[in-house]
Amino acid sequence: MRKLALFIFSFIIWYLLTWPFDFTTRTLDWQMLIAGCIVSLLATIILGEVFRKHKHKRFVLLRYFWALAYIPVLFYYMLLANFDVLYRVVHPAMPINPGIVKVKTKLTTDTGKTALANSITLTPGTLTVDINSDGVIYVHCINIKETKTVEATQEIVGRFEKILVKIFE
């Protein structure tokens, strides 16, 4: 049942990203639809066991809602980080203070920690260096504002973790 839900979710995402229906001619691009079905099926076969590793206690559709809601949040923080890095690049004094900070996450599942690490890495100016099994993540930042773990966690992890907990825990 979980693999079927993963297939349907993957296919819906494929459909929304490629949008094979043309409203002007009212035709459907069957090649794109079949390719989406094949890619979604392959993704389900290859990644299906990853999603079966942890049994989730919540209603599955609610988790999918939060996954879709997470996309604009991630893009928003990516956009802010892009402008921040752009400012640092074009500023004559190039105000940077690079270094590695230690942050702590409340996420316990491997997929949740991976999604958080990827989200941190996707925002320009930050890069996930290491993840420990006890929830400690080491992040390289282009400009360190906080060196204390609690404050750095709130600044770097807090914005993503609120929604990721609803998706993966």
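**Note on the predicted model**

1. Serine 40 is found in helix H2, residues 30-52; helices (H or I, at least four residues) and strands (E, at least two) are DSSP runs numbered from the N terminus. With a relative accessibility of 2%, serine 40 counts as buried, where buried means under 20% relative accessible area, exposed over 50% and partly exposed in between, for a 1.4 Å probe and protein chains only. The side chain of serine 40 reaches the backbone oxygen of glycine 36 at 2.8 Å. Such a polar contact is a pair of N or O atoms within 3.5 Å; within protein, one must be able to donate a hydrogen and the other to accept it, and residues adjacent in sequence count only if both atoms are side-chain atoms. Not counting residues up to four places away in sequence, serine 40 touches Phe7, Ser10, Phe11 and Trp14, contact meaning heavy atoms within 4.5 Å.

2. On the basis of the model: it is predicted, so that local features need pLDDT of at least 70 and side-chain atom pairs count only at pLDDT 80 or more, while totals for chains, interfaces and linings use all residues. Residues are numbered from 1 along each chain as its sequence is written, and side-chain values use heavy atoms, with hydrogens and water left out.

3. The protein chain has five helices and five strands, in the order α-β-β-α-α-β-α-β-β-α from the N terminus on. Its C-alpha atoms fill a box of roughly 55 × 40 × 25 Å along the principal axes. Of the 169 residues of the protein chain, 30% count as buried. Among contacts with a separation of 6 or more, 70% come from residues 24 or more positions apart.

4. Helix H1 (2-18) has 17 residues and reaches 24 Å from its first C-alpha to its last, close to the 24 Å expected at 1.5 Å a residue; the expected span is 1.5 Å times one less than the number of residues. Just after H1, tryptophan 19 takes a positive phi of about 45 degrees.

5. Helix H3, residues 60-90, reaches 45 Å, close to the 45 Å expected. Its buried residues are Arg63, Tyr64, Tyr70, Leu74, Met78, Ala81, Val85 and Arg88. These buried residues of H3 pack against H1, H4 and H5.

6. The axes of H4 and helix H5 (residues 149-168) come within 10 Å and cross at roughly 145 degrees. Axes are lines fitted to C-alpha atoms, for helices over the stretch in contact, and angles run from 0 to 180 degrees between N-to-C directions. In this contact, Thr111, Gly112, Ala115, Leu116, Ser119 and Ile120 of H4 meet Ile156, Val157, Phe160, Leu164 and Phe168 of H5.

7. Threonine 105 lies in the loop between strand S3 (99-104) and helix H4 (110-122). Threonine 105 is buried, because its relative accessibility is 6%. Its side chain reaches the backbone nitrogen of leucine 107 at 3.1 Å. Beyond residues up to four places away in sequence, threonine 105 touches Lys113, Leu116, Gly135, Ile137, Val157 and Glu161.

8. Asparagine 132 lies in the loop between strands S4 (126-131) and S5 (136-141). At 26% relative accessibility, asparagine 132 counts as partly exposed. Leaving aside neighbours within four places in sequence, asparagine 132 is in contact with Lys113 and Tyr138. Asparagine 132 and lysine 113 are 19 residues apart in sequence and 9.6 Å apart in space, C-alpha to C-alpha.
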